[in-house]
Amino acid sequence: MENLVNKGINTENLPNKEGYFGEYGGSYLPPALEKVMKEVEEAYEKISKDPTFIAELKDLNEHFTGRPSPVYHAKRLSVAAGGAEIYLKREDLNHTGAHKINHCLGEVLLAKRMGKKKVIAETGAGQHGVALATAAALLGLECDIYMGEIDVKKEAPNVSRMRVLGAKVVSVTRGTRTLKDAVDAAFEAYLADPVTQIYCIGSVVGPHPFPMMVRDFQSIIGMEAREQMLSYAGSLPDAVVACVGGGSNAMGMFSAFLDDKDVSLYGVEPAGKGLDTNMHAATISKGTVGILHGFKSLVLQDKDGEPLPVYSIASGLDYPGVGPQHSYLHSIGRVNYKTATDREAVEAFYALSRMEGIIPALESSHAVAYAVKLAKELGKGKKILVNLSGRGDKDIDFVMEHYPLEEYEPEENLKDGYDEFLKHIGGEKN
Ligand SMILES: *Cc1c(COP(=O)(O)O)cnc(C)c1O
């Protein structure tokens, strides 16, 4: 039988029954929600093994999203990087333009099978909201998206997309009127009616079973990419690189390679304006163990356990927590967590656009930026697979306004070898 998930590939078979990856994960909730999560877990346990569910999801992945997304050899970028060959897993080519549709289809299909009428979620920049509204429209469920009032104003195009798709955008006017308050409002709404609605979390975060469930739905990225590398590139990659916000695109990619001990894995966090400033969101690099949004993981927090304000040029990476499986993989040393600054991400954004004709999301640009450095380190004859999590159409106006090409100066502290790559930015052709 076709397998939905690749737990078989991950021999550690995590999380355990309580939802823990080592010491991370679990479920830290008020008793009323505890019960609701248990129901979701039991339903998922059953439905995810149902061949008709697996077949329906597979059909949607192929005929709606357009899977499998290709793996593409970025030859000109590889030459410019001056070392290993760089391959891109093109999640930017999915319908809606990013990987988020993979877990939204899974979650909404599960909601439908559980007999729910409505899916709800919070959204910051609106990317998760749009993907969920899309899946809800497709499968005929109602959709309420909670969004801070400030974000509603800032992200007008995504708000319009959600409304056109038939979702209700609930503007949250309390507190800071941003993502954190939107999460609280959505949780309250869920508690008020857990029978007809279900909360669809937007990454491998939150209480058990969400980190597992979202990973499972995203694991199609890694399963496809592993086969595609064997058939298209002739071997497994030496390294795999993905950006990490909450960590869903990275977990989806990494999960297929966890047991390939010769494949090094790299998660790239946003260093923002620099790790020595407080303008970053590098949770694993700088965080401490804590509890946030119902789960235990590394968290960027103050002495009282309050989440710190975080920042990244890429709104999808701007989160003070990280999926518990990432904290675990960091603790056992299986995945290396690195960072890229705003500026490095913008350089990679321009470089990939100009050298390959692919405009990447600023989130994904963090992974590209690190892959270029790594290519030089690994050297010729090696292969790097990068998860290109989304397309950058949403970011072009912002980048052109704040990082115009004319004013573009490479940072002085960039590593040797990056110079070569930078020569190609600013219109120079090879
Ligand atoms: C939301 C988003 C991310 C960050 O989310 P993860 O859960 O860390 O994958 C990365 N890339 C794109 C394009 C996104 O929209």
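This is a predicted model: local features need pLDDT of at least 70, side-chain atom pairs count only at pLDDT 80 or more; totals for chains, interfaces and linings use all residues.

Analyst: Start with strand β12, residues 295-299: 4 of its 5 residues are buried, so the rest of the structure largely encloses the strand.

User: Which way do β11 and β12 pair, parallel or antiparallel?
Analyst: Antiparallel, over 5 bridges. Strand β11 covers residues 288-292.

User: What is the bridge partner of isoleucine 291 in β12?
Analyst: Lysine 296.

User: How many residues sit between β11 and β12 in the hairpin?
Analyst: There are 2 residues between them. Histidine 293, in the turn, has a positive phi of about 45 degrees.

User: New topic. Where does asparagine 387 lie?
Analyst: In strand β14, which spans residues 383-388.

User: Is asparagine 387 buried or exposed, and why?
Analyst: Buried, because its relative accessibility is 0% and the cut-off for buried is under 20%.

User: What is asparagine 387 in contact with?
Analyst: Setting aside neighbours within four places in sequence, its contacts include Lys89, Glu91, Ile221 and Val241. Asn249 and Met253 are also among them.

User: Now the largest nonpolar core. Which residues touch the most other members?
Analyst: Val119, Leu132, Cys143, Tyr146, Met162, Tyr190 and Tyr199, out of 59 residues in that core.

User: And what does tyrosine 146 touch?
Analyst: Not counting residues up to four places away in sequence, Ile120, Glu122, Val170 and Ala189 are among the residues tyrosine 146 touches. There is also a second, separate core of 40 residues, including Ala84, Val241, Ile384 and Tyr403.

How values were computed
Residues are numbered from 1 along each chain as its sequence is written. Side-chain values use heavy atoms; hydrogens and water are left out. Buried means under 20% relative accessible area, exposed over 50%, partly exposed in between (1.4 Å probe, protein chains only). Two strands pair if DSSP finds at least two bridges between them. Contact means heavy atoms within 4.5 Å. A nonpolar core is a set of buried Ala, Val, Leu, Ile, Met, Phe, Trp, Tyr and Cys residues joined through side-chain atoms within 4.5 Å.
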